[in-house]
Amino acid sequence: MRIINTKVIKENVKEMFLNANVHLSEDIKNALKEADEVSPIGKNILNIINENIDVADKTNTPICQDTGMAVVFLEVGNEVFFEGEFIEDSINEGVREAYEEGYFRKSVVKSPVFDRVNTKDNTPAIIYYKYVKGDKVNIKVMPKGFGSENCGQTKMLNPSDAEQDVVDFVVESVSKAGSKPCPPIVVGVGIGGTMEKSAMMAKEALFLDINYKEKDENLQRMREEILTKINNLGIGPAGLGGRVSAIGVNIMTYPTHIAGLPVSVNIGCHVSRHEERSI
Amino acid sequence: MKRLTLPLKEEDIAGLKAGESVYLTGYIYTARDAAHKRLYNAIKENKSIPIDLSKSVIYYAGPCPNKPGEVIGSCGPTTSMRMDKYTPLLMENGLRVIIGKGERGDIVLDAIKKYKGVYFAAVGGSGALIKNCIKSSEVIAYDDLLSEAIRKMYVEDLPVITAIDSNGKNLYKTEREKYKR
């Protein structure tokens with residue numbers, strides 16, 4: 001058994017949000033820098049996007065004013081015992097301190113339908129726990145902006161639907177989103193499981209390095225086909241036309257029921273921010 | 001590159017063509033979802049509103065708080081389409097110049113043509129860069145809305161692209177068509 005004080009989790013969550021809101025991961029930075037755009041307006045926008053990443057990095061300023069709703073995936077080893085404050089309170093405290101000390105925008109309202117009063121500290125976070133084998137705790141954090149989050153889609157396809165129907169649904173979702181999610185985007189796709197499982201996988205897929213190599217040949221082919229089709233939509237950087245509409249398509253799958261084929265799409269904007277740490 | 005001083009004159013607006021890049025200097029007012037709802041409801045109920053729409057430029061934005069010694073935090077544009085249902089009424093009441101990001105619905109396109117307005121796009125997700133163009137910022141209304149309050153800001157050389165011009169030419173449509181295959 002390994003005893004971990006939840007203060008350690010809090011401190012890590014805090015540091016990770018402070019960092020993720022200001023510095024982009026290398027895969028996304030490189031993809032944006034190396035993007036080969038043919039549209040002159042698109043080229044100009046990519047230059048602005050890259051300059052912004054640079055300024056944010058050097059001046060410790062949030063890359064985007066939408067510092068997001070705080071999403072946390074916590075993978076807890078079965079040999080770990082938490083001592084101290086309740087784990088959920090510690091995670092929320094980490095979020096609270098990061099958003100205060102980082103001068104990040106507090107974007108969470110308490111009641112989604114009625115008075116929509118701001119909670120003023122960007123909590124509660126969205127937290128998913130997973131039990132895994134071992135004595136480590138893996139923390140994944142994502143400040144998720146809602147320009148892109150609002151463009152997410154879920155569809156319960158039929159088992160009779162084929163690969164092409166999955167591809168079409170994903171491409172159609174991105175086409176409908178158009179300029180709204182701040183392209184060039186990263187597309188997270190969850191296929192299988194149940195309705196909510198597919199949606200969670202679509203979110204979790206956004207943590208994957210956009211250059212990951214998929215071992216399943218069929219899935220790898222599907223990723224490439226979706227990416228090509230998205231870049232042929234003409235959306236371009238900021239949706240003002242061009243061929244660089246997405247820089248990555250990340251797919252996660254799970255077994256599903258004989259009667260179903262759930263598919264979800266979760267979109268990350270060009271500042272798709274996330275960080276992962278194992279302690 | 002074209003440089004314009006705010007508020008824009010009728011002839012400035014008439015001279016703008018979709019696709020044209022412009023640097024804007026002058027006062028703008030931030031307003032996004034919650035502030036729009038209040039402005040809209042106040043107009044509907046014949047109550048006074050805190051800004052003179054005919055002399056104002058509205059910027060769809062909700063900034064990060066400023067660090068000590070800074071004017072404002074990161075301050076890029078938010079998705080404009082969520083404001084679509086409020087925009088025609090604001091234009092009917094004098095609003096002509098809007099800055100945001102992303103495409104607009106037909107009701108806004110029609111209003112822009114009817115009232116001879118202009119819609120500029122700032123680059124979404126470039127809040128750290130835009131922050132450097134903002135030289136002053138003060139909350140002038142709805143301070144309980146925090147980041148969604150109405151702020152009066154002085155901007156210098158704010159880079160924008162003319163996305164929908166006063167003739168209704170819509171860059172989001174024309175450019176996407178151009179690169180589709």
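**Contacts, burial and a helix face**

Author: The contact takes 41 residues from chain A and 40 residues from chain B, two residues being in contact if their C-beta atoms, placed from the backbone, lie within 7 Å. This is a predicted model, in which local features need pLDDT of at least 70, side-chain atom pairs count only at pLDDT 80 or more, and totals for chains, interfaces and linings use all residues. Residues are numbered from 1 along each chain as its sequence is written, while chains are lettered from A and ligands numbered from 1 in the order in which they are written.

Reader: What makes A:Leu206 buried?

Author: A residue is buried if 20 or more other C-beta atoms lie within 10 Å of its own, exposed if 12 or fewer, and partly exposed in between. A:Leu206 has 25 other C-beta atoms within 10 Å, so A:Leu206 is buried. Leaving aside neighbours within four places in sequence, A:Leu206 is in contact with residues including A:Met142, A:Val186 and A:His274.

Reader: How do you know that the span of helix H1 of chain A is close to the expected one?

Author: The expected span is 1.5 Å times one less than the number of residues. Helix H1 (residues 6-20) of chain A has 15 residues, with 21 Å expected, and reaches 21 Å from its first C-alpha to its last. Helices (H or I, at least four residues) and strands (E, at least two) are DSSP runs, numbered from the N terminus.

Reader: Why are the buried residues of H1(A) said to line one face?

Author: Among them are A:Ile9, A:Val13 and A:Phe17. Seen down the axis of H1(A), the buried residues fall within an arc of 170 degrees, so they line one face of the helix; the arc is that of the directions from the helix axis to the C-beta atoms.
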